[in-house]
Amino acid sequence: ATVAALRARAGADRIVRPVLDGAPGFPVLFGRAFWPELAVRADGDGARDLIAAHRAALIELPVDDPGVLRDVDRPGDLTAR
(Lines give C-alpha, C1' and ligand atoms only; values in the text may rest on other atoms or scores of the structure.)
Protein backbone atom coordinates (compact mmCIF):
# COMPACT_ATOMS: atom_id res chain seq x y z
CA ALA A 1 0.00 0.00 0.00
CA THR A 2 2.88 2.36 0.79
CA VAL A 3 4.58 1.85 -2.56
CA ALA A 4 1.27 2.31 -4.37
CA ALA A 5 0.67 5.60 -2.52
CA LEU A 6 4.18 6.81 -3.38
CA ARG A 7 3.75 5.85 -7.04
CA ALA A 8 0.44 7.70 -7.19
CA ARG A 9 2.27 10.93 -6.28
CA ALA A 10 5.33 10.30 -8.47
CA GLY A 11 6.16 12.36 -11.53
CA ALA A 12 9.11 13.21 -13.75
CA ASP A 13 9.86 16.40 -11.83
CA ARG A 14 9.08 15.12 -8.31
CA ILE A 15 10.90 13.48 -5.45
CA VAL A 16 8.48 11.50 -3.27
CA ARG A 17 9.48 10.31 0.19
CA PRO A 18 7.42 8.53 2.86
CA VAL A 19 7.41 10.01 6.36
CA LEU A 20 6.47 8.17 9.55
CA ASP A 21 5.82 10.33 12.62
CA GLY A 22 8.06 13.07 11.20
CA ALA A 23 10.93 10.70 10.35
CA PRO A 24 11.92 10.47 6.67
CA GLY A 25 11.72 6.98 5.23
CA PHE A 26 12.37 4.71 2.26
CA PRO A 27 11.98 4.16 -0.58
CA VAL A 28 12.43 7.60 -2.06
CA LEU A 29 11.13 7.89 -5.62
CA PHE A 30 13.09 10.20 -7.91
CA GLY A 31 11.48 11.40 -11.10
CA ARG A 32 13.24 11.11 -14.42
CA ALA A 33 14.47 14.72 -14.22
CA PHE A 34 16.79 13.72 -11.35
CA TRP A 35 18.21 10.52 -12.85
CA PRO A 36 21.31 12.17 -14.41
CA GLU A 37 22.28 13.61 -11.02
CA LEU A 38 21.71 10.27 -9.32
CA ALA A 39 23.78 8.43 -11.93
CA VAL A 40 26.95 10.40 -11.16
CA ARG A 41 26.82 9.90 -7.39
CA ALA A 42 29.76 7.89 -6.14
CA ASP A 43 29.74 8.85 -2.47
CA GLY A 44 28.17 6.77 0.28
CA ASP A 45 25.84 9.55 1.37
CA GLY A 46 23.07 8.49 -0.96
CA ALA A 47 20.99 11.32 -2.27
CA ARG A 48 20.60 13.53 0.82
CA ASP A 49 22.29 16.51 -0.80
CA LEU A 50 20.28 16.04 -4.00
CA ILE A 51 17.06 16.17 -1.97
CA ALA A 52 18.31 19.25 -0.12
CA ALA A 53 19.15 20.97 -3.42
CA HIS A 54 15.69 20.26 -4.83
CA ARG A 55 13.43 20.83 -1.80
CA ALA A 56 10.78 22.45 -4.00
CA ALA A 57 10.36 19.14 -5.84
CA LEU A 58 10.05 17.10 -2.64
CA ILE A 59 6.70 15.64 -1.65
CA GLU A 60 6.71 14.10 1.82
CA LEU A 61 3.92 11.59 2.12
CA PRO A 62 2.77 10.72 5.66
CA VAL A 63 2.35 6.96 6.09
CA ASP A 64 1.62 4.55 8.95
CA ASP A 65 4.07 1.87 7.76
CA PRO A 66 7.02 1.32 10.16
CA GLY A 67 8.82 -0.58 7.40
CA VAL A 68 9.69 2.73 5.71
CA LEU A 69 12.27 3.43 8.39
CA ARG A 70 14.39 0.49 7.24
CA ASP A 71 16.81 1.25 4.40
CA VAL A 72 17.29 -1.83 2.23
CA ASP A 73 19.77 -1.46 -0.62
CA ARG A 74 21.18 -4.99 -0.75
CA PRO A 75 19.86 -8.44 0.25
CA GLY A 76 22.13 -8.46 3.31
CA ASP A 77 20.35 -5.34 4.61
CA LEU A 78 17.26 -7.49 5.21
CA THR A 79 19.02 -9.48 7.90
CA ALA A 80 21.13 -6.66 9.38
CA ARG A 81 19.93 -5.10 12.60
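Two strands are said to pair if DSSP finds at least two bridges between them. Strands themselves are DSSP runs of E with at least two residues, helices are runs of H or I with at least four, and both are numbered from the N terminus. What you see is a predicted model, in which local features need pLDDT of at least 70 and side-chain atom pairs count only at pLDDT 80 or more, while totals for chains, interfaces and linings use all residues. Residues are numbered from 1 along each chain as its sequence is written, and side-chain values use heavy atoms, with hydrogens and water left out.

Start with β1, residues 15-20. Which strands does β1 pair with? One partner is β3, residues 29-30, in the antiparallel sense over two bridges. Within that pairing, Val16 has Leu29 of β3 as its bridge partner. A further partner is β4, parallel to β1 and joined to it by five bridges. There, Arg17 stands opposite Glu60. Then there is β2, residues 23-24, which runs antiparallel to β1 and is joined to it by two bridges. Leu20 stands opposite Ala23 in β2. β1 and β2 form a hairpin with two residues between them, and in the turn Asp21 has a positive phi of about 50 degrees.

Next, accessibility. I use buried for under 20% relative accessible area, exposed for over 50%, and partly exposed for what lies in between, with a 1.4 Å probe and protein chains only. Six of the six residues of β1 are buried, so the strand is largely enclosed by the rest of the structure. In a regular strand the side chains alternate between the two faces of the sheet. For β1, one side has Ile15, Arg17 and Val19, the other has Val16, Pro18 and Leu20, and all are buried, so both faces are covered.

Arg17 is the charged residue I want to look at in that set. Its relative accessibility is 12%, so Arg17 counts as buried. Contact here means heavy atoms within 4.5 Å. Not counting residues up to four places away in sequence, Arg17 touches a list of residues that includes Leu6, Pro24, Val28, Ile51, Arg55 and Glu60.

How many salt bridges does a search of the whole structure find? It finds two, where a salt bridge is a side-chain nitrogen of Lys or Arg within 4 Å of a carboxyl oxygen of Asp or Glu. In one of them, the side chains of Glu60 and Arg17 meet at 2.5 Å, N to O. Glu60 lies in β4 and Arg17 in β1, so the pair ties together parts that are 43 residues apart in sequence. Glu60 is partly exposed at 38% relative accessibility, and Arg17 is buried. Asp77 and Arg74 also form a salt bridge, with the closest N and O atoms 3.7 Å apart. Arg74 is exposed, at a relative accessible area of 55%.

Now the nonpolar cores. A nonpolar core is a set of buried Ala, Val, Leu, Ile, Met, Phe, Trp, Tyr and Cys residues joined through side-chain atoms within 4.5 Å. The largest has eight residues: Ile15, Phe30, Phe34, Ala47, Leu50, Ile51, Ala57 and Leu58. A second, separate core has seven residues, including Leu20, Ile59, Leu61 and Val68. In the largest core, Phe30 is in contact with Arg14, Ile15, Trp35, Leu38, Ala47, Leu50 and Ile51, leaving aside neighbours within four places in sequence.

Leu20 is buried at 12% relative accessibility. Not counting residues up to four places away, Leu20 touches Val63, Asp64, Asp65, Pro66, Val68 and Leu69. Leu20 and Pro66 are 46 residues apart in sequence, and their C-alpha atoms are 6.9 Å apart.

Asp65 is found in the segment after β4, which spans 58-62. Beyond four places in sequence, Asp65 is in contact with Thr2 and Leu20. The side chains of Asp65 and Thr2 make a polar contact at 2.8 Å. A polar contact is a pair of N or O atoms within 3.5 Å; within protein, one must be able to donate a hydrogen and the other to accept it, and residues adjacent in sequence count only if both atoms are side-chain atoms. A polar atom of the Asp65 side chain also lies 2.8 Å from the backbone nitrogen of Gly67.
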